[in-house]
Amino acid sequence: MTLKENLTASEAALKELADQKFALDQHAIVAITDVQGTITYVNDKFCAISQYSREQLIGQNHRILNSGHHPKEFFQEMYRAIAKGKVWHGEIKNRAEDGSIYWVDTTVVPFLTSEGIPRQYLAIRADITERKRGESALKESLATSDRALKELADQKFALDQHAIVAVTDVQGTITYVNEKFCAISQYPKEELIGQNHRILNSGHHPEEFFEQMYHTIANGKVWHGEIKNRAKDGSIYWVDTTIVPFMSVEGKPRQYVAIRADITARKQAAQELAGQVEEVARQAEELARSRQELETQTLTLRSVLDSMGEGLVAADEQGKFVIWNTAAEKILGMGTATLATQEWSEHYGLFLPDMVTPFPTDQLPLNLAIHGEASTTEMFVRNPVLTEGAWIEVSGSPRKDKDGVAHGGVVAFRDVTRRRADEKEIRKLNDELEIRVAERTAQLEAANKELESFSYSVSHDLRAPLRHIIGFSKMLVEEFGSTLDPAAQHYLDRIQAGTQKMGLLVDELLNLAKVGRHAIGRQATGLNAIVAEVVAILESDIQGRQVQWTIAELPQVECDPVLVKQVFQNLLANALKFTRTRTPAVIQVSHQENTEDGQPVFMVRDNGIGFNMKYVDKLFGVFQRLHRPEDFEGTGIGLATVQRIVQKHGGRVWAEAEVDKGAAFYFTLGVGKHAEPKSNGATAGGQL
Amino acid sequence: MSSGKLDILLVEDNQDDIDLALHALRREKLANNIFVARDGEEALDFLFCRGAYTERSFDHPPKLVLLDLKLPKVNGMEVLKAVKSDPRTKTIPIVIMTSSKEERDLVASYDLGANSYIQKPVDFDQFRETIKAVGLYWLVTNQPPVMQSSKALAGVAHDPR
């Protein structure tokens, strides 16, 4: 061959090579690295797939594209192969500049030196990202189908274990039943397959029920409901049923799968439950009502507690306050608090009545009450709120349940500060009053003594000279009467009459004074006996007169018989005296019960000359007389004495009269008013 | 008058009363053996045989003492008490004769052993009637006890029976 021919041959070969390289570059991803892996050449496709520019890649180690997907050994093996001069082939997952992943089918060809040592590596790659993705998807779907199949099998197993399963065709003919179906229906499988499902109908459900069901599944919809079936032996069972229609390619039901669960027990239970539910509802209603009642009562109690004037505090067994009403807070100045019982006295400022010693907590009524003991006491309260202090009266009692067991205690208390002050004032006033009464009594006693000595003197000293005058004038008349001239005798008579009259006056005045200081000695006294005594005395003076006594039945009363006898003596003597001109004289003694003030009224009435009522005020005054002495003798002391006696009995005396028509005297004796209780009880009914 | 038998001892300070009493007693012939003491001290001396009356003997006590209460020096109540609390004199009848009718005097007199208590009536006739009744009763009707003097006791001892 000639050179030219050689050259031409070389040129031709070169051109072919260039063509091949072009083709390669068009089709493949080409890169060249040195033995250290430093990129020395990349073609356009390399740049395109890796998204790096050529300038970015040249001089960089090929690791720049490592996605981290392959283990280290993968590359170590690759380098080992190519370093030995062997061609390496494999699929590599690389990372582009934007982080996206791409797969390349790679062939690395080592170029060797004449010594047989790799000089550089030529890597030719093809983009297999799409293929890789498809592979991965397929793998995944295969795995899923596997799993799904297995799961389906598991589910069917589970279903068969758990549920009653049957399959029918569209005519309702049974094509499959599981064990549980046979067990519950009591039919063997052979008796069921090929039978219409109606074999199990219990007749419980109406026709429309099944019509509705068939309508649903025939339209390809799932039906769900509870069906009552009849087993082979005629017993009844309930199944919760789901019927799933399976569709043909044409969209029409091909067969029906019925999955059932035995709910017979549940149904029975439900029936029982319905009754129980009703009962529970009734009880709940009742509970609600009693709770409402309780709430109303609680509210009422609360408002009662809060409107009470008394403080009320209750505590449980541990001494925890459970009630503390408004008044309690007001009276103590403080509200409820969480305290140990030993802290009560200190916290609320409770003291003994000496006002300084803290009240012993174990003696507090609430504490005693908690321990089952009732008590009442008075204590003094002073705390930062009640700086003035207050007195309270407290009574505590145990809170007992219906079995009488104590459960804590309750105390009621009230502020008695004012009452104590009042009591103190009253005590003071009483003491003062007592002193005054004692003073007055002493004065009265002194006055009485004076009066006594006065009347004693009168009785002794005044009567003596009177007796002497009377005595000597009498002796004068007796011894010298015959020698006196008639005028002298007349004067002597006048002296004697005057002294007689004075004697009477002195005696009656003394009697009146005596009545005044006479202490009343009440005793049960039959008044009729007294009146009879007086009448007997008076009758000796009325010889020749016609007197008609009308003495009514008089009661036995509590009075001083000596003094009351004087009353009748004066009144009856007066009656006799002022009826002197009457024939017959009529004198009545009577009494009237059940008067206005509850005291019996005694009456002495006569048909004598009477008196003018306009002088009635003067009737009972000492020395007051309504008649001339020539007409009717008298001292004017009698009725004053009567009034004194009646008043001493706590009674009163009054008179009614009309001139020439007689007079009536009335009196009471304080019976049933001041009567001291006497053991004989004669007038007990009238005593207050 | 200081010796021998004595019927009445009148103890009275007021001359008017003495005269009226003597008049009344005389009228009834009861004033033959009468002695008048003008106050309580004299009455006690007389009855207890002392002072001016030492020669008197307990063997001859008055048959009746008419005693006023209101007296000078020693009052009637004290005289009564002394006489009635001494065994030598306590049997002598004492009639209180006074103006007053005080309840307390009455009660006190009987308490101390007075034999009777009389209020002198204001009316003179009644007074005389009273004096007469008292005198007759105590001097004539009443039987006095045998005096427990030494002689009287000796006489009893030598009773031949």
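**Figure 1. Salt bridges across the predicted model.** Over all chains, the count comes to 31 salt bridges. A salt bridge here is a side-chain nitrogen of Lys or Arg within 4 Å of a carboxyl oxygen of Asp or Glu. The model is predicted, so local features need pLDDT of at least 70 and side-chain atom pairs count only at pLDDT 80 or more, while totals for chains, interfaces and linings use all residues. Residues are numbered from 1 along each chain as its sequence is written, chains are lettered from A and ligands numbered from 1 in the order in which they are written, and side-chain values use heavy atoms, with hydrogens and water left out.

**Figure 2. The Asp44(A) and Arg54(A) pair.** A salt bridge joins Asp44(A) to Arg54(A), with the closest N and O atoms 2.7 Å apart. Asp44(A) lies in helix α2 (residues 44-50) of chain A and Arg54(A) in helix α3 (residues 54-57) of chain A, so the pair ties together parts that are 10 residues apart in sequence. Helices are DSSP runs of H or I with at least four residues, strands are runs of E with at least two, and both are numbered from the N terminus. Asp44(A) is exposed, at a relative accessible area of 55%. Arg54(A) is partly exposed, at 33% relative accessibility. The classes are buried (under 20% relative accessible area), exposed (over 50%) and partly exposed (in between), with a 1.4 Å probe and protein chains only.

**Figure 3. The Lys63(B) and Asp7(B) pair.** Lys63(B) and Asp7(B) form a salt bridge, their closest N and O atoms being 3.7 Å apart. Lys63(B) sits in the loop between α2 (40-47) and β3 (64-67) of chain B, and Asp7(B) in the segment before β1 (8-11) of chain B, so the pair ties together parts that are 56 residues apart in sequence. Asp7(B) counts as buried at 14% relative accessibility.

**Figure 4. The Glu41(B) and Lys73(B) pair.** The salt bridge of Glu41(B) with Lys73(B) has its closest N and O atoms 3.5 Å apart. The pair links distant parts of the chain, 32 residues apart: Glu41(B) is in helix α2 of chain B, and Lys73(B) is in the loop between β3 and α3 (76-84) of chain B. Glu41(B) is partly exposed at 39% relative accessibility. Lys73(B) is exposed at 65%.

**Figure 5. A salt-bridge network.** Shared partners join Glu310(A), Glu378(A), Glu393(A), Arg414(A), Arg419(A), Arg420(A) and Glu423(A) into one network of salt bridges.

Figure 6. Five of the five residues of strand β11 (residues 311-315) of chain A are buried, so the strand is largely enclosed by the rest of the structure. In a regular strand, side chains alternate between the two faces of the sheet. Both faces of β11(A) are covered. Gly311(A), Val313(A) and Ala315(A) are buried on one side, Leu312(A) and Ala314(A) on the other. Five bridges join β11(A) to strand β16 (residues 406-415) of chain A, and the two run antiparallel. Strands pair if DSSP finds at least two bridges between them. Which residue of β16(A) is the bridge partner of Ala314(A)? The partner is Val410(A).

**Figure 7. The hairpin of β11(A) and β12(A).** β11(A) also pairs with strand β12 (residues 321-324) of chain A, antiparallel and over three bridges. Val313(A) has Trp324(A) as its bridge partner in β12(A). Five residues lie between the strands of the hairpin. Gly319(A) takes a positive phi near 85° in this hairpin.

**Figure 8. The interface of chain B and chain A.** The contact (heavy atoms within 4.5 Å) takes 25 residues from chain B and 21 residues from chain A. The two chains bury about 2100 Å² between them, 51% of it on carbon and sulfur atoms. Buried area is the accessible area (1.4 Å probe) that two parts lose on being put together, summed over both. Lys70(B), Ser99(B) and Val122(B) supply 29% of the area that chain B buries against chain A, more than any other three residues.

Figure 9. Four salt bridges are counted between chain B and chain A. In one of them, the side chains of Arg467(A) and Asp17(B) meet at 2.8 Å, N to O. On the side of chain B that touches chain A, α1 (15-27), α4 (103-111) and α5 (124-141) of chain B each supply at least two residues. α1(B) gives the most to that side, with six residues.

**Figure 10. Cysteines.** A search of the whole structure finds zero disulfides (cysteine sulfur pairs within 2.5 Å) over all chains. Cys47(A) is buried at 14% relative accessibility. Cys559(A) is buried at 0%.
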